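Please look through the structure below with this note beside it. The points are numbered so that each can be checked on its own.

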Amino acid sequence: MVNGRDELTDLSLRRQEEMPVDWVVSDGLTDYPDAVEEMERRVADIAAGHCAERVWLLEHPPLYTAGTSADDSDLVMPDRFPVFQTGRGGQHTYHGPGQRVAYVMLDLKERGQDVRRFVAGLEEWLIRSLWHFHIRGERREDRVGVWVRRPEKGADVEDKIAALGIRVRRGITFHGISLNVDPDLDHFGGIIPCGIQEHGVTSLTDLGLPVSLPEADMVLRTEFEQIFGPTRSVSGT
């Protein structure tokens, strides 16, 4: 792969009817239980046909989440930050300031009913977004997320720059992705992220790119629309 557009260039998870997805960006820090409660409510409304699909961009205060495959032994410092059990797939992950979390609530009944294709779409979304900053993000068959090679650290060294974990209920997706823009990378030390010990974690800032969250959001929105279809700005949650 030469860049983020060389794989899955024909990937499209657009609806047949070009109905815009609500695009919401929250200011400040959103408590994790409040975010889950809001997602649950929105997913039920989308499934019932009462409202539009939604992508919700936010930041959380420092915390760890444990997915459905989480191993307790991967929680190295259980008292460092609050730990929340979550129904998304995956293992332990960190969320905190400087990390852009995007909760993606889409109706797969209108988008082909293919969960694996949806996950591939999320990965491609991140890879294309990273390429805007001339970062070559890559997927790996044996581990989830988007990875960056770090030859300056060693021949086979790779760091994770973005994570994803989803859940599907009544054909509606929720949870989503997280992109490390400028988080405190030391905070990842309280867990073994996604159960992977042999690789590290990086961010746009760590790679020498002091990108702001609004800049990252603009790129994420542009590339989301290429894969999933049009969006419209909506205020609030």
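1. The side chains of R111 and E53 come together in a salt bridge, with 2.8 Å from N to O; the term stands for a side-chain nitrogen of Lys or Arg within 4 Å of a carboxyl oxygen of Asp or Glu. This pair ties together distant parts of the chain, since R111 sits in the loop between β6 and α2 and E53 in the loop between α1 (32-47) and β2, 58 residues apart. Both R111 and E53 are buried, where buried means under 20% relative accessible area, exposed over 50% and partly exposed in between, with a 1.4 Å probe and protein chains only. Helices (H or I, at least four residues) and strands (E, at least two) are DSSP runs, numbered from the N terminus.

2. Please keep in mind that this is a predicted model, in which local features need pLDDT of at least 70 and side-chain atom pairs count only at pLDDT 80 or more, while totals for chains, interfaces and linings use all residues. Residues are numbered from 1 along each chain as its sequence is written, and side-chain values use heavy atoms, with hydrogens and water left out.

3. Across the whole structure, a search finds 26 salt bridges. In one of them E123 pairs with R139, the closest N and O atoms being 3.1 Å apart, and this links helix α2, which holds E123, to strand β7 (residues 138-140), which holds R139, 16 residues apart. E123 counts as buried because its relative accessibility is 11%, and R139 counts as buried because its relative accessibility is 18%.

4. A further salt bridge joins the side chains of R143 and E158 (2.9 Å, N to O), with R143 in strand β8 and E158 in strand β9, 15 residues apart. R143 is counted as buried because its relative accessibility is 12%, and E158 is buried too, with a relative accessible area of 8%. Through shared partners, salt bridges connect R136, E138, R140, D142, R143, R149 and E158 into one network.

5. What are the residues with the most contacts inside the largest nonpolar core? They are L122, W125, I161, F224 and F228, in a core of 35 residues; such a core is a set of buried Ala, Val, Leu, Ile, Met, Phe, Trp, Tyr and Cys residues joined through side-chain atoms within 4.5 Å. Its largest share, seven residues, comes from α3. Another core, of 15 residues, lies apart from it, with V24, Y32, A47 and I172 among them. In soluble globular proteins, nonpolar side chains tend to be buried together.

6. V55 lies in strand β2 and counts as buried because its relative accessibility is 0%. Although V55 and Y103 are 48 residues apart in sequence, their C-alpha atoms are 5.6 Å apart in space. Leaving aside neighbours within four places in sequence, V55 is in contact (heavy atoms within 4.5 Å) with residues including V21, W23, Y103 and F224.

7. The lining of the largest pocket has 31 residues, and the closest to the pocket's centre are V119, E123, R143, V144 and L164. The largest share of this lining, five residues, comes from β9, while β5 (92-95), β6, α2, β7, β8, β9 and β10 each supply at least two residues. On a 1 Å grid over the protein atoms alone, a pocket is an open set of points where a 1.4 Å probe fits, with protein on both sides within 12 Å along at least five of seven lines, and lining residues have an atom within 4 Å of a point.
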